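Okay, thanks for coming, everyone.

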Amino acid sequence: MSRPGGDESQAVGKKSKRRGSSDEEARPLVPAQPIPSKQERVLYVGCEGESTEPHYLDYLTKRFGTGEHTTTGQPFRIVPVYKVNGLPPEQVVEAVREKAATDETWALFDRDQHTKIPQAVEQAAADGTEICFSHPSFDLWLLLHFQSFGGKQSGTSKGVVEKLRKADPAFKGFDKRNDKSIQGPRRKALEGRVKAAIQNAKALVSQCEHGDCKAGPGRYAVGPVDRTSPHNPDHLPQSPRKWAARSGHAPDCKVLDRDPSSDVWRLLVSLGIEKDDWDRLRG
């Protein structure tokens, strides 16, 4: 949904003056950016983690949210939905749907060692919540800004984090002493690397062992999905297999078998942060 600008960040937890957020549990992540002449695209994005993903989404809004540096020219504002100590995938979807009501929703969650990922995909398919699944974790998406990647990780991020620490001095201490923030020097290190990250993430789709996965023309969709329209071309609810194939993976390619992979690139392409070289399917 597009609407005038405002200031929202959504943490799941104790009651407070703002809907669903808590002064004790959440810091304000997205500052107000009034844009009187244009309508903002507002996205609620559910996060599995409590710091890395919300910080990264805040970076996207601050860096590109005015629309001046996007291909669409449309201002946008991402409202992260998260909880202290994190949320399992199925609760990520549930939480973002609750906070967003009828607004556009996305869900970011990882493989890690979670057991209810198929359930999370089913919930997302039921009402059009876009999925950004990363195997083994969101840390892979960060690494793809600096290099290509390959090889099964089996749900562990150890190898990914080790490479990320070596990729740039700003990330040398990443995931040490519980420091997984994306602030200051780490944001600067990501500058100018979005195109490479998207290309590397798309390459992982094509390298999937399934053999029929490809992030090519007509093979993926980037939304936004209008969940309120009775003429919605996505015909909600959709089958979980079809919904999980919006990243270019084959419908019969099981989500848990997509190792390694990260669908976060779809969010950036949808926002127009990087020019998309492929035909885009709009929801």
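Predicted model: local features only at pLDDT ≥ 70, side-chain atom pairs only at ≥ 80, totals over all residues.

The protein has 9 helices and 7 strands. Of its 283 residues, 54% are buried. If you take the contacts with a separation of 6 or more, 71% of them are between residues 24 or more positions apart.

Now let's zoom in on helix α1, residues 52–64. How far apart are its end C-alpha atoms? They're 18 Å apart, and that agrees with the 18 Å you'd expect for 13 residues at 1.5 Å a residue. So is this helix enclosed or open? 11 of the 13 residues of α1 are buried, so the rest of the structure largely encloses it. Among the buried ones you'll find Thr 52, His 55, Tyr 56, Leu 57, Tyr 59, Leu 60 and Phe 64.

Some of those names come back when we turn to the rings. Tyr 56, Tyr 59 and Phe 64 are joined with Phe 138 into a cluster by ring pairs. Altogether the model has 7 aromatic pairs. Let me pick out one of them: Tyr 220 and Trp 265 have ring centres 4.9 Å apart and planes at 80°, and since anything over 60 degrees counts as edge-to-face, that's what this pair is. What I like here is where the partners sit. Tyr 220 is in the loop between α7 and α8, Trp 265 is in helix α9, and they're 45 residues apart, so to speak linking distant parts of the chain. Are the two buried or exposed? Tyr 220 has 1% relative accessibility, so it counts as buried. Trp 265 comes out at 0%, so it counts as buried too.

Arg 246 lies over the face of Trp 243, 4.3 Å from the ring centre.

Okay, on to the backbone. As background, most peptide bonds are trans, and most residues other than glycine have a negative phi. Which peptide bonds here are cis? One runs from His 135 to Pro 136, with omega near 15°. Pro 136 is in the loop between β6 and α4. Another runs from Asp 259 to Pro 260, with omega near 0°, and Pro 260 is in the loop between α8 and β7.

Then there's phi. Asp 112 isn't a glycine, but its phi is positive, at about 40°. You'll find Asp 112 in the loop between β5 and α3, and with a relative accessible area of 22% it's partly exposed. Asn 178 also has a positive phi, near 60°, and it's a residue other than glycine as well. Asn 178 is in the loop between α5 and α6. How accessible is Asn 178? Its relative accessible area is 78%, so it counts as exposed.

To recap, keep in mind helix α1, largely enclosed by the rest of the structure, and the edge-to-face pair of Tyr 220 and Trp 265. Over to you for questions.

Definitions and conventions. Residues numbered from 1 in each chain as written. Heavy atoms only, no water. Phe/Tyr/Trp six-rings, centres within 6.5 Å; stacked < 30°, edge-to-face > 60°. Helix = DSSP H or I, 4+ residues; strand = E, 2+ residues; numbered from the N terminus. Buried < 20%, exposed > 50% of the residue type's maximum accessible area, 1.4 Å probe, protein only. Lys NZ or Arg CZ within 6 Å of the ring centre and 35° of its normal. Expected span 1.5 Å × (residues − 1). Contact = heavy atoms within 4.5 Å.
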